[in-house]
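Here is a short briefing to read alongside the structure. Take a look at the model first, and then we can walk through some of its features together.

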Amino acid sequence: MTFSGVGLGLRRPHIEQVAALAAAPVPFWEIAPENVVGTGGARHRMLTGVLERDDVITHGLSMSIGGFDAWLPEVLDRLVAFLKATGTPWHSEHLCWSSFGGAHTHELLPMPFTREAVRHTVTRVKALQARLPVPFLLENISYYAELGAAEMSEREFVLEVLEGADCGWLLDINNVYVNSVNHGFDPKAWLAGMPLHRVAQLHIAGHTWLEAEGVLLDTHGAPVVDPVANLLAWVLARLGRPVPVLLERDHEIPELAVLLAEREALQRVYDRALAGVAHA
Amino acid sequence: MPEAGTPHLARLQGLVTDLVLAPEADGFREDAAAFSAERGLGPDDQAALVLRRDRWLLYRDLVRTALEDPLLDAFPVTHALLVRQEAWTWAVDAFLASRTVSSPYYRDVAPAFVAWLADSRWGQDRWPFLLQLAHFEVLELDVVRHPDEPPPPGLLREPASDRVAVLDPAARNVAYGFAVQAATVEAPEPPSACAWLLCHRDRDGTFRVLELTPHVSALLARSQEGQALGPAAAELGVDPLAAFELLRDFRDRGALLGFRPA
């Protein structure tokens with residue numbers, strides 16, 4: 001199975017509607033295992049039917065890859081079983097930490113940009129990868145503040161972790177854009193020299209400007225803006241291959257038809273960008 | 001101050017955890033450098049945290065919103081009660097400070113709140129029904145999302161004196177000292193009256209509550225413990241034929257899977 005095109009995150013409000021369709025309206029869905037494993041009921045059965053019918057890529061939310069808390073064996077076992085059941089081509093997690101001392105925050109908190117943090121994260125990624133039945137990707141996150149004194153830039157930190165862990169990259173275009181606005185850099189310059197050969201998937205999403213705080217927040221709660229769609233096209237042209245793109249929407253979730261229309265618009269961006277490569 | 005030898009990375013993550021979950025965030029707001037120094041961080045880290053103080057306070061808001069949202073979804077009546085008493089924020093603050101949320105599953109945040117109420121007994125001097133009210137509210141999630149299991153082999157359709165009733169694994173036979181099922185957002189204080197409830201999901205997966213008599217509740221409880229329906233009914237003074245009719249109704253509603261020999 002080759003994954004390409006623009007997929008959609010399958011969210012709770014749409015499950016019943018999607019399950020009633022005869023076939024998938026998207027090339028693939030993305031699903032968070034944490035929201036599915038260990039549950040049941042009518043909606044769960046509908047979701048399971050969709051996952052059996054359609055192509056699926058999994059994306060984790062809460063493994064706290066840069067943290068210290070041990071992964072519970074039953075959590076790992078459930079995850080492994082789910083990845084096998086869905087036939088996902090890979091599994092991804094965020095380059096962040098979310099829990100400490102057994103307390104889970106359910107937020108994507110930034111790592112300090114230090115050599116110690118690189119070593120720690122690389123060790124954790126390798127340990128997790130060794131347990132998973134599919135390749136593992138790390139996703140670059142939006143961050144609003146450096147955690148302590150930095151020894152390197154965020155770009156160098158992401159690069160060193162990816163290279164050190166020798167894992168794939170889920171390149172989140174919106175996160176690069178959000179960080180570029182909040183921290184004042186050129187997103188294309190940020191991407192130049194990064195290991196694009198490691199990119200197996202792209203994320204794209206909307207964000208929200210907080211006027212009072214003067215910060216762009218990665219909310220996944222609005223449509224994708226043109227600068228982010230343009231950056232997507234720029235990245236696809238440099239990749240020169242049909243890497244699957246996932247449109248994320250987690251807040252202010254509109255009707256399925258609205259999201260499908262946005263997906264189709266992004267699919268046109270995707271097709272044009274890759275057609276340009278083919279004719280170059 | 002962290003123990004000697006605590007990795008620098010752990011000190012930083014410990015600081016952020018304190019900042020986002022503990023009540024003493026005011027200390028960070030007033031003097032981020034001192035807050036950082038108290039947690040074993042040096043001048044360079046202190047300066048970086050001071051520089052981004054407002055952004056870290058934004059992270060505090062993000063975390064607290066992320067952990068409060070599932071409580072608002074799961075506990076509309078408990079929320080209505082505590083908001084009226086201007087105590088909801090206190091409850092959330094105390095809950096977050098307890099660091100009870102440990103599961104990587106977001107759906108476990110609401111059950112963790114009930115576990116915290118049970119352990120801490122927070123607010124129960126003032127609202128003696130609080131734990132039971134919250135327990136009943138979270139029961140809906142527990143029942144609706146309970147993992148599906150194949151029915152055990154050898155189930156029988158009809159009740160009989162020498163059989164036990166087999167509950168659907170998602171169903172819960174519960175008793176409360178307050179009529180929590182009668183509480184609403186508009187009237188969130190439950191009447192002071194005992195309630196025996198059989199909570200289950202119907203064929204469509206919708207949460208349903210059946211109000212039981214104490215004897216029928218006890219009959220189901222004894223049946224779950226393996227006592228045959230006939231002797232259990234006799235000991236409880238329940239008319240077995242009437243009880244069987246009721247059990248058939250529970251079966252048809254999906255609360256019971258059926259019956260099996262005792």
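Two residues are in contact if their C-beta atoms, placed from the backbone, lie within 7 Å. This is a predicted model, in which local features need pLDDT of at least 70, side-chain atom pairs count only at pLDDT 80 or more, and totals for chains, interfaces and linings use all residues. Residues are numbered from 1 along each chain as its sequence is written, while chains are lettered from A and ligands numbered from 1 in the order in which they are written.

**Around L259(A)**
- L259(A) touches L8(A), R249(A) and P254(A), leaving aside residues up to four places away in sequence.
- From L259(A) to R249(A) there are ten residues in sequence and 8.4 Å in space, C-alpha to C-alpha.
- L259(A) belongs to helix 9 (residues 256-279) of chain A; helices (H or I, at least four residues) and strands (E, at least two) are DSSP runs, numbered from the N terminus.
- L259(A) counts as buried because 20 other C-beta atoms lie within 10 Å. The cut-offs are 20 or more other C-beta atoms within 10 Å of its own for a buried residue, 12 or fewer for an exposed one, and partly exposed in between, with C-beta atoms placed from the backbone.

**The nonpolar core**
- A nonpolar core is a set of buried Ala, Val, Leu, Ile, Met, Phe, Trp, Tyr and Cys residues joined through C-beta atoms within 7 Å.
- The largest one has 143 residues, and I173(A), I204(A), L232(A) and F113(B) have the most contacts inside it.
- Helix 9 (residues 130-144) of chain B gives the most to this core, with nine residues.

**Where the chains meet**
- Chain B has 41 residues in contact with 36 residues of chain A.
- Helix 1 (8-21), helix 4 (43-51) and helix 5 (53-74) of chain B each supply at least two residues of the side that touches chain A.
- Helix 1 of chain B provides the largest share of that side, ten residues.
- By class, this side of chain B has 23 nonpolar, eight polar and ten charged residues. Ala, Val, Leu, Ile, Met, Phe, Trp, Tyr, Cys and Pro count as nonpolar, Asp, Glu, Lys and Arg as charged, and the others, Gly among them, as polar.

**A sheet in chain B**
- Three strands of chain B form an open sheet in the order 2-3-4, with antiparallel pairing; two strands pair if DSSP finds at least two bridges between them.
- The edge strands, each pairing on one side only, are strand 2 (172-176) and strand 4 (207-212) of chain B.
- Strand 2 and strand 3 (residues 195-201) of chain B pair in the antiparallel sense over five bridges.
- V174(B) has L197(B) in strand 3 of chain B as its bridge partner.

**Positive phi values**
- Most residues other than glycine have a negative phi.
- H106(A), in strand 6 (residues 103-109) of chain A, has a positive phi near 55°.
- H106(A) is buried, because 23 other C-beta atoms lie within 10 Å.
- R99(B) also has a positive phi, near 55°, and sits in the loop between helix 7 (88-98) and helix 8 (109-120) of chain B.
- R99(B) is buried, with 20 other C-beta atoms within 10 Å.
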